[in-house]
Amino acid sequence: MKIVVGEGSCGIAAGAEKVRQALLKQDLNGAKLTIAGCIGMCYLEPIVDIYEDNQEVKRLVRVTENDAEKISEYAKTGDESFISSLLVSDEDKEFLNKQTRIALRRCGIINPDEIDDFVNADGYSAIKKVLTSMTPEDVIEVIKTSGLAGRGGAGFPTWFKWNAARQSVGDEKYLICNADEGDPGAFMDRSVLEGDPHRVLEGMAICGYAMGADEGYIYVRAEYPLAIKRLRTAIAQAEEMGLLGEHIFESDFSFTIHIKEGAGAFVCGEETALMASIEGKRGMPRPRPPFPAVSGLWGKPTNINNVETFANVAQIIVNGADWYCRLGTEKSKGTKVFALTGKINNTGLAEVPMGITMRKIIYDIGGGLKSGAAFKG
């Protein structure tokens with residue numbers, strides 16, 4: 001048996017750490033006690049999932065430290081009556097059942113601080129496939145066929161930016177992950193970084209190989225201390241296992257990732273201001289052209305994508321472009337993560353196919369507005 005406490009920022013704010021500390025004092029009958037990031041059901045935190053043979057069998061919601069003894073008794077006896085009052089309702093199960101999760105697929109399931117959890121879930125298999133059987137041009141073609149577009153808001157074709165940077169002449173090239181999520185009420189990127197940081201690192205490494213860069217930066221806002229902590233841990237573990245750094249999978253490709261903490265300036269979410277900030281300058285946008293693919297960080301060819309874009313890359317490589325194309329619409333492929341906040345019943349994260357209506361997100365997944373208020377847009 002494995003007992004998983006959801007310790008994303010939302011879970012911790014609701015008391016998840018206190019729940020885990022209380023469970024540590026209990027007799028859990030040999031069950032492994034571990035953590036995960038946010039599963040997306042923020043309105044039900046703290047959440048504790050119970051696994052048998054790597055399959056989730058029970059989800060407990062709104063758990064308090066006073067419930068630790070009930071969980072202990074269940075672990076010892078298997079008697080569900082001890083935890084029946086904590087079980088997630090069938091209605092709340094629909095919050096996840098109505099989603100299609102790619103970027104969030106492992107968030108809330110694996111331990112973000114344990115690289116073995118990620119590797120055992122086919123993590124880093126995509127970069128291995130890329131380095132052992134694909135050329136950079138092959139990778140760009142797969143991303144092109146998939147239709148993956150930038151998830152930071154602009155929706156620009158991902159392959160085009162990768163290809164432009166690859167074709168640019170330069171003795172050095174740089175890659176940047178934009179994690180400066182400054183929009184009010186937005187926490188999509190934060191949850192991915194907290195819950196599945198290796199997914200982003202793998203996507204960045206694949207992009208680096210495709211465009212010919214051996215160095216990358218994650219520009220993340222300093223207000224995300226848990227995301228930064230878990231990113232640092234993930235980078236160190238990946239380097240130790242030879243999955244980042246020199247000669248990855250004994251290939252000629254080397255890739256190093258650095259973290260740059262932003263100071264909270266909203267303007268640094270704009271890519272040219274972001275690059276100025278990394279260079280130690282005041283974060284001010286500059287006119288384009290030249291575009292970053294030609295002259296970006298320190299005047300070198302640079303590619304910038306956001307967290308969610310990179311979080312899609314590995315699964316596209318593993319499952320194929322046609323698999324990804326089946327999701328979304330003719331012109332907008334794949335899924336998109338939305339943050340549900342404010343006066344809505346089910347606050348949290350929803351990942352849904354492109355083309356879905358606002359009504360379905362707000363009412364079918366979000367449970368409608370509080371107090372039965374009418375939705376106006």
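Modeller: In this predicted model, contact means heavy atoms within 4.5 Å. On that basis Gln315, leaving aside its neighbours within four places in sequence, is in contact with Ile102, Arg105, Arg199, Gly320 and Trp323.

Biologist: Where is Gln315 placed, and why is Gln315 called buried?

Modeller: Gln315 belongs to helix H13, residues 307-319. Its relative accessible area is 6%. Buried means under 20%, and Gln315 is therefore classed as buried.

Biologist: What makes the approach of the Gln315 side chain to Ile102 a polar contact?

Modeller: A polar atom of the Gln315 side chain lies 2.8 Å from the backbone oxygen of Ile102. The cut-off for a pair of N or O atoms is 3.5 Å, with one atom able to donate a hydrogen and the other to accept it. The distance of 2.8 Å falls within that limit.

Biologist: How do you know that H7 is roughly perpendicular to H13?

Modeller: The axes of H7 (residues 136-146) and H13 cross at roughly 100 degrees and come within 10 Å. Angles of 65 to 115 degrees count as roughly perpendicular, so H7 is described in that way relative to H13.

Biologist: What is the strand order of the open sheet, and what makes E7 and E8 its edge strands?

Modeller: The four strands are ordered E7-E6-E5-E8, with parallel pairing. Strand E7 (256-262) and strand E8 (302-306) each pair on one side only, and they are the edge strands. On average, direction ignored, neighbouring strands of this sheet are turned by 20 degrees against each other.

Biologist: How do you know that E5 and E8 are paired, and where does H13 pack?

Modeller: Pairing requires at least two bridges; E5 (residues 174-179) and E8 have five, in the parallel sense. Within this pair, Ile176 stands opposite Ile304 in E8. H13 packs on the sheet, touching E5 and E8, and its direction makes about 90 degrees with that of E8.

Key: Residues numbered from 1 in each chain as written. Predicted model: local features only at pLDDT ≥ 70, side-chain atom pairs only at ≥ 80, totals over all residues. Heavy atoms only, no water. Helix = DSSP H or I, 4+ residues; strand = E, 2+ residues; numbered from the N terminus. Buried < 20%, exposed > 50% of the residue type's maximum accessible area, 1.4 Å probe, protein only. Axes fitted to C-alpha atoms, helices over the stretch in contact; angles between N-to-C directions. Parallel < 35°, antiparallel > 145°, perpendicular 65-115°, else oblique.
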